[in-house]
Amino acid sequence: MHRAALLTCLLTVSMMNQVSGLETITGKYGDTIEIPCNKSHVEENNLSFVKWKYDKDGNILVKNLNQNVSISNDVNYKNRVSIKKDFSLVITQVTMADRRTFTCIVVGQSDLLEYPVQLAIYKVPSQPQITNLTTAMAIGKPTALARCRTEGANPAASIKWFKNKTPLETDGAAIKITTNVDVDDKTQLSTATSTLEYTAVKGDIDAKFTCQVQHVHSANMDSSPLVFTVNYPTENVSLQAVPQGPYKEGDNVTLKCTADGNPPPTSYNFYINGEKKTVNSNMYTLTSVTRANTGEYKCSLVDNEGIADSVPITVEYLDVVLSTTGKIVKKLGESFEMTIDVKASGAAQTSWKKGNTKLNSLPKFDKLTYSDSGMYECIVSMTGLKETRTFQLVVEGSPVIKNLIKQRGEGMTKVLKCAAEGFPKPTVQWSVNGTNAAESVYEHGKVTYSITIIPKGNLTVSCMVSNVLGSDIKSINVSALVEDVTMDKQADQKDEYSDQTPLAVGIVVGLMVAVLAIGLAYWLYMKKYRQGSWKTGEKEDGSAEESKKLEENQSQKADV
């Protein structure tokens, strides 16, 4: 009896020590949990059996040494428990109902030991869910933006709100956060909700709000960013012209009025030439503007005309008028001057070209030549504008032969060259037939025609040039004799002095007229002398012989 009492006392002290050092094991909701018996240190010496129970009277199973395990009919565990070789208790699919104390009782032949273990269960919360989401918030007005929810957690999760990754806290003014935690009576799992009420400012445009679920047994979980429309009244409008200037006559100009409010107004007032026009748009287009559209343009709010803006528009213009245009026909030697009238909205630059050659001034001629003919172009430009005007100047004149020369060719041939000027281009007609007929390039009213002949004797060759305005003809003596070669060379030298030909011809003609006058006077004198002799009956000495010599002298002078 005394020994039994001592054993009972020892067991009581042992149990008190075990309880005071109660071991706790934490398991995840739904997982399989292994609860060790005496931290898996059970000696089988003198062991009779091991028993597992929960709380005070909840029997789970008994394992006798060298016998199969006996599982109780407890509805909570009969299908979910087993025991390992080291006498650890295995429980599958743990739930919140398994949060209790499990005791391992080890019974020997001379002692009895108990090892209680406390089982704790945790469950990770769900991802954050956003509900009651609004779409817009007004400046200065508290707005319930959204509710963040997470469920199925143990212990309960906490929810934090962020704006642009900066945590938000209730401040009693602009920010109010309300959080609630509810526990389901059946599952014993908690659901947390948090509502954000926020008073927006203009700087919250495009701000990103998120809610974050925090839990001791999981990483933080963030919701998708929430972006809200921030509504605020218009304080300013701005007016701009599209596209940007400069503008020229004929362009289309669009006036665009932009308000800084949100949402922006749907209609605006536009002031066109002092007249107010209300349109259901923020744009007004001026089509095919002219210089008359130059001025100040304005737009305003319909319900507050004091909020307005204006923009100046200048329509650039450039008018260029030539005194004469198109094809201008002038006679050789006439004077001609082109004038230009330029009207522009700014400083204009004027330049002239003839063909591809730049001129230093506008076309002005005191005495026109054929080389003055051509296409003239006037370019007038200023910022953003350029105008071009053209005219064609044609200098006309009847043909004039400037030179007719002969040159020795190969063998007995002679090359005749007839240089002429005129416009339209003169055509040529030779008085003889020749070969190798050719002509030079017709340029600045000048052209040279040439033919090759073989003279059979002395002959006179004529060159006639003509156009619709007239004609000109010149002749030249050509000889077949060898001595004529020297004359040909002299003729070649005369090419350099062809402009003196008219003067030489005039001198020769004058001399011929003088000789004829002297001969006529002498003839009259002799006739009178003869008549006087007949009257007096005097004999005329050598009259027949002298008359013959006189006629020969006159004939020779005529040949000269």
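**Close-up 1. Cys378, a buried cysteine.** In this predicted model, Cys378 has a relative accessible area of 0% and is therefore buried, a word that stands for under 20% relative accessible area, with exposed meaning over 50% and partly exposed lying in between (1.4 Å probe, protein chains only). Because the model is predicted, local features need pLDDT of at least 70 and side-chain atom pairs count only at pLDDT 80 or more, whereas totals for chains, interfaces and linings use all residues. Residues are numbered from 1 along each chain as its sequence is written, and side-chain values use heavy atoms, with hydrogens and water left out.

**Close-up 2. The disulfide of Cys37 and Cys104.** A disulfide, taken here as a pair of cysteine sulfur atoms within 2.5 Å, joins Cys37 to Cys104 with an S to S distance of 1.9 Å, and the link is left-handed, with -75° about the S-S bond. Cys37 lies in the loop between E2 and E3 while Cys104 belongs to strand E8, so the pair ties together parts that are 67 residues apart in sequence; strands (E, at least two residues) and helices (H or I, at least four) are DSSP runs, numbered from the N terminus. Cys37 is buried at a relative accessible area of 0%, and Cys104 also counts as buried, at 0% relative accessibility.

**Close-up 3. Two right-handed disulfides.** Cys148 and Cys211 are joined by a disulfide (S to S 2.0 Å), and the torsion about their S-S bond is about 50°, so this disulfide is right-handed. The pair links distant parts of the chain, 63 residues apart, with Cys148 in strand E12 (residues 143-153) and Cys211 in strand E17 (residues 208-215), and both cysteines are buried. Cys257 and Cys299 form another disulfide, with sulfur atoms 2.0 Å apart, and their link is right-handed as well, with 65° about the S-S bond. Here the distant parts are strand E23 (residues 253-259), which holds Cys257, and strand E27 (residues 295-301), which holds Cys299, 42 residues apart. A search of the whole structure finds 4 disulfides, and when the bonded cysteines of the protein chain are numbered in sequence order, the pairing is 1-2, 3-4, 5-6, 7-8.

**Close-up 4. The largest nonpolar core.** A nonpolar core is a set of buried Ala, Val, Leu, Ile, Met, Phe, Trp, Tyr and Cys residues joined through side-chain atoms within 4.5 Å; the largest has 27 residues, and Ile35, Trp52, Ile60, Leu89 and Phe102 have the most contacts inside it. Among the elements that give two or more residues to this core are strand E3 (47-54), strand E4 (58-64) and strand E8 (101-108). Leaving aside residues up to four places away in sequence, Ile60 touches residues including Trp52, Tyr77, Val81, Leu89 and Phe102, where contact means heavy atoms within 4.5 Å.

**Close-up 5. The salt bridge of Arg100 and Asp55.** A salt bridge is a side-chain nitrogen of Lys or Arg within 4 Å of a carboxyl oxygen of Asp or Glu, and Arg100 forms one with Asp55, the closest N and O atoms being 3.4 Å apart. Arg100 lies in the loop between E7 and E8 and Asp55 in the loop between E3 and E4, so the pair ties together parts that are 45 residues apart in sequence. Arg100 is buried, with a relative accessible area of 17%, whereas Asp55 is partly exposed, at 39%.
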